[in-house]
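Subject: Handing over the structure

Hi there,

Here is the structure I promised to pass on to you. Please open it alongside this email, and I will walk you through what turned up.

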Amino acid sequence: EDTGLIVPISEWVLREACLRVREWQQRSGRLLRIAVNLSPRHLQAGTVVSAVRRALDISGLQASCLELEVTERLVLRADQRVTEQLEELRDVGVRLAMDDFGTGYSALSTLKRHRFDALKIDREFVQGAPHNEEDLTLTAGITAMARSLGMDVVGEGVENEAQAATLRSLGCDMVQGYLYGHPVSAEDFLEIAIQAGASVAVRR
């Protein structure tokens, strides 16, 4: 981030992620979707949209199979350039997700203005489930708010069945965490995807 190398690195990651998931789709026969974290520095550089278009063109990946994650803190500090790029990315057809929600004191107007497809509840709230009443209340409120705005809700950092069951009972559409898998090589993941009886989502 400090040297600016994050921009060419992010462009490489976008390209490789799209190429890899397209390969996984072809070899597994599943319509997999991949999520890639966007660097604030890359967004501020103003080249994200062109990089995403190139990655999709090179890979042949359907735009809706690419989800781009931005942090809540970045959105709160978004200037006009960042806001315009987020709108352009929606026009391209990729999904947008707000990551780490609940840590940046986001306003409802921010969610409405940027029109995200998914909201990811920060693991800080998930870790307390199902025993911490404050975490439960906040998670339930965030979930209800996001669903009322037409967004998918993802609970992050799930490490045990009790947490997963709690999030499902509160209305979360998806959960992710070490309960379901640890980082693996691309080759190992392909085997998992082929063997799985349901779609598998991946994060960088």
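A residue is called buried here when its relative accessible area is under 20%, and exposed when it is over 50%. Please keep in mind that this is a predicted model.

Now for the chain as a whole. Its secondary structure comes to ten helices and seven strands. The radius of gyration is 17 Å, close to the 17 Å that the globule rule gives for 204 residues, so the chain is as compact as a globular protein of that length. The C-alpha trace spans about 45 × 45 × 30 Å along its principal axes. Of the 204 residues, 44% count as buried.

Contacts across the sequence are worth a look too. Among contacts with a separation of 6 or more, 70% are between residues 24 or more positions apart.

As for the surface, the protein chain exposes about 10400 Å², and carbon and sulfur atoms supply 50% of that area. The charged side chains number 23 positive and 30 negative, and the centres of the two sets lie 5 Å apart.

Ile 6 lies in helix H1. Is Ile 6 buried or exposed? Its relative accessibility is 19%, so Ile 6 counts as buried. Leaving aside residues up to four places away in sequence, Ile 6 touches Glu 1, Ser 39 and Arg 41. Ile 6 and Val 49 are 43 residues apart in sequence, and their C-alpha atoms are 15 Å apart in space.

Gln 195 is found in helix H10. With a relative accessible area of 65%, Gln 195 is exposed. Gln 195 and Pro 183 are twelve residues apart in sequence and 17 Å apart in space, C-alpha to C-alpha.

Enjoy exploring, and write back whenever you like.

Best wishes

Note on methods
Residues are numbered from 1 along each chain as its sequence is written. This is a predicted model: local features need pLDDT of at least 70, side-chain atom pairs count only at pLDDT 80 or more; totals for chains, interfaces and linings use all residues. Side-chain values use heavy atoms; hydrogens and water are left out. Helices (H or I, at least four residues) and strands (E, at least two) are DSSP runs, numbered from the N terminus. The radius of gyration is taken over C-alpha atoms; the globule rule is 2.2 Å times the number of residues to the power 0.38. Buried means under 20% relative accessible area, exposed over 50%, partly exposed in between (1.4 Å probe, protein chains only). Contact means heavy atoms within 4.5 Å. Accessible areas come from the Shrake-Rupley method with a 1.4 Å probe; for residues, only the protein chains shown count as cover. Lys and Arg count as positive and Asp and Glu as negative; His and the chain ends are not counted. The place of a charge is taken as NZ of Lys, CZ of Arg, CG of Asp or CD of Glu.
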